[in-house]
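I opened this one up to see how its pieces pack together. My notes follow in the order I looked things up.

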Amino acid sequence: MVDASSYLTRIGYSGPTASTANTLRAIHHAHLLTVPFENLDIALGRKIVVDEDAFVRKVVEQRRGGFCYELNGAFAALLRSLGFQVTLLSARVARDQGGEGPEFDHLTLRVDLAEPWLADVGFGESFLEPLRMKAGAEQFDPAGTFRLVDLGERLELEKVEPVGHWKRQYSFTLLPRRLEQFAGMCHYHQSSPDSSFTQNRVCTKATANGRITLSGLKLIVTRHGHREEKMLSSEQEWRDVLQEHFGIFGLTEQKTSEPHKVNEQ
């Protein structure tokens with residue numbers, strides 16, 4: 001069983017816990033402000049096993065973040081412990097060059113209350129509060145404007161870009177999934193040289209007025225829409241930023257001595 005009290009303390013939440021839309025919204029937002037999206041264990045060669053208890057321990061006891069399977073897996077466990085009805089959904093992430101990834105490329109969540117909600121604390125820079133699972137309507141969020149598009153057998157999540165265009169995020173069906181069904185893609189993303197997660201170290205989380213991201217040795221800070229970038233000078237400075245801004249300590253061992261590729265974020 002999840003120790004909900006410890007988990008809520010980890011995300012700095014002390015409000016109501018009744019299974020309502022307001023509680024879901026508040027806990028979802030708090031999670032994204034405190035638990036980073038990060039793939040640092042992959043760079044360290046630490047195997048990530050699809051296991052709900054391991055995900056919760058990593059977030060709560062080790063005070064770490066993770067990628068989608070870990071974060072949404074742990075968040076689903078927290079919500080269930082509070083009485084929410086949660087369904088795991090398989091999503092296919094849109095590719096910049098067109099098309100989308102395979103099934104189980106991403107784990108997202110459906111939460112059923114008086115109406116269904118899309119919850120996702122594991123997609124990096126995305127919505128901060130859950131979205132109504134209703135196609136067609138523009139939904140305004142502190143992180144931007146989103147909508148769900150009905151593709152027939154699938155729903156597609158889109159976010160409006162600053163220039164006004166809609167950008168595809170991922171598509172999904174409403175077919176319930178089991179956590180173990182994501183094991184194959186979880187292994188792929190941490191082992192394949194074609195996976196973006198093996199090409200670059202990333203640690204990012206939302207802040208009260210924007211976002212802070214470590215992408216390789218690049219520090220990116222966005223405040224009120226203004227973006228600043230800085231190249232860090234050393235691994236020690238990288239570790240210092242991890243400690244100061246993300247509360248992550250002790251990551252000194254590297255998988256190889258080769259420098260990590262830095263993707264522009």
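This is a predicted model: local features need pLDDT of at least 70, side-chain atom pairs count only at pLDDT 80 or more; totals for chains, interfaces and linings use all residues.

Before anything else, a term I need: two strands pair if DSSP finds at least two bridges between them.

**Entry 1: a sheet and its helix**

I looked up strand S10 (residues 202-207) and strand S11 (residues 210-215), and they pair in the antiparallel sense over six bridges.

**Entry 2**

Next I followed strand S8 (residues 155-160), where five of the six residues are buried. S8 pairs with strand S7 (residues 144-150) in the antiparallel sense over five bridges, and leucine 148 stands opposite leucine 157 in S8. The hairpin of S7 and S8 has four residues between the strands, and glycine 152 there takes a positive phi near 100 degrees.

S8 also pairs with strand S9 (residues 166-172), again antiparallel, over six bridges. Here leucine 155 faces phenylalanine 172 in S9. The hairpin of S8 and S9 has five residues between the strands, and glycine 164 in the turn has a positive phi of about 100 degrees.

**Entry 2: the largest nonpolar core**

I wanted to know which residues touch the most other members of the largest nonpolar core. Out of 47 residues, they are Tyr7, Ile11, Ile27, Phe67, Tyr69, Phe75 and Leu78. Among the elements that each supply at least two residues of this core are helix H1 (4-10), helix H2 (21-34), helix H5 (68-81) and strand S3 (106-112). H5 gives the most, with nine residues.

I picked out phenylalanine 75 and skipped its neighbours within four places in sequence. That leaves contacts with Tyr7, Ile27, His28, His31, Leu109, Ala119 and Val121.

**Entry 3: H2 against H5**

I noted that two packed helices are described by the angle between their axes and the distance between the axes. The axes of H2 and H5 come within 12 Å and cross at roughly 150 degrees, and the crossing is right-handed. On the H2 side I found Leu24, Ile27, His28 and His31, which meet Phe75, Leu78 and Leu79 in H5.

Is alanine 30 buried or exposed? Its relative accessibility is 11%, and buried means under 20%, so alanine 30 counts as buried. Neighbours within four places aside, alanine 30 is in contact with Ile11 and Tyr13. I also looked up leucine 118, 88 residues away from alanine 30 along the chain: their C-alpha atoms are separated by 16 Å.

**Entry 4: one face of H6**

Last, I listed residues that are buried in helix H6 (183-191): Met185, Cys186, His189 and Gln190. Why do the buried residues of H6 line one face of the helix? Seen down the axis of H6, they fall within an arc of 130 degrees, so they line one face. As a reminder to myself, an α-helix has 3.6 residues a turn, so residues three or four places apart point the same way. The buried residues of H6 pack against helix H3 (40-43) and H5.

Methods: Residues are numbered from 1 along each chain as its sequence is written. Side-chain values use heavy atoms; hydrogens and water are left out. A nonpolar core is a set of buried Ala, Val, Leu, Ile, Met, Phe, Trp, Tyr and Cys residues joined through side-chain atoms within 4.5 Å. Buried means under 20% relative accessible area, exposed over 50%, partly exposed in between (1.4 Å probe, protein chains only). Contact means heavy atoms within 4.5 Å. The arc is that of the directions from the helix axis to the C-beta atoms. Axes are lines fitted to C-alpha atoms, for helices over the stretch in contact, and angles run from 0 to 180 degrees between N-to-C directions. A crossing is left-handed if the near helix is turned anticlockwise from the far one by less than a right angle, and right-handed if clockwise.
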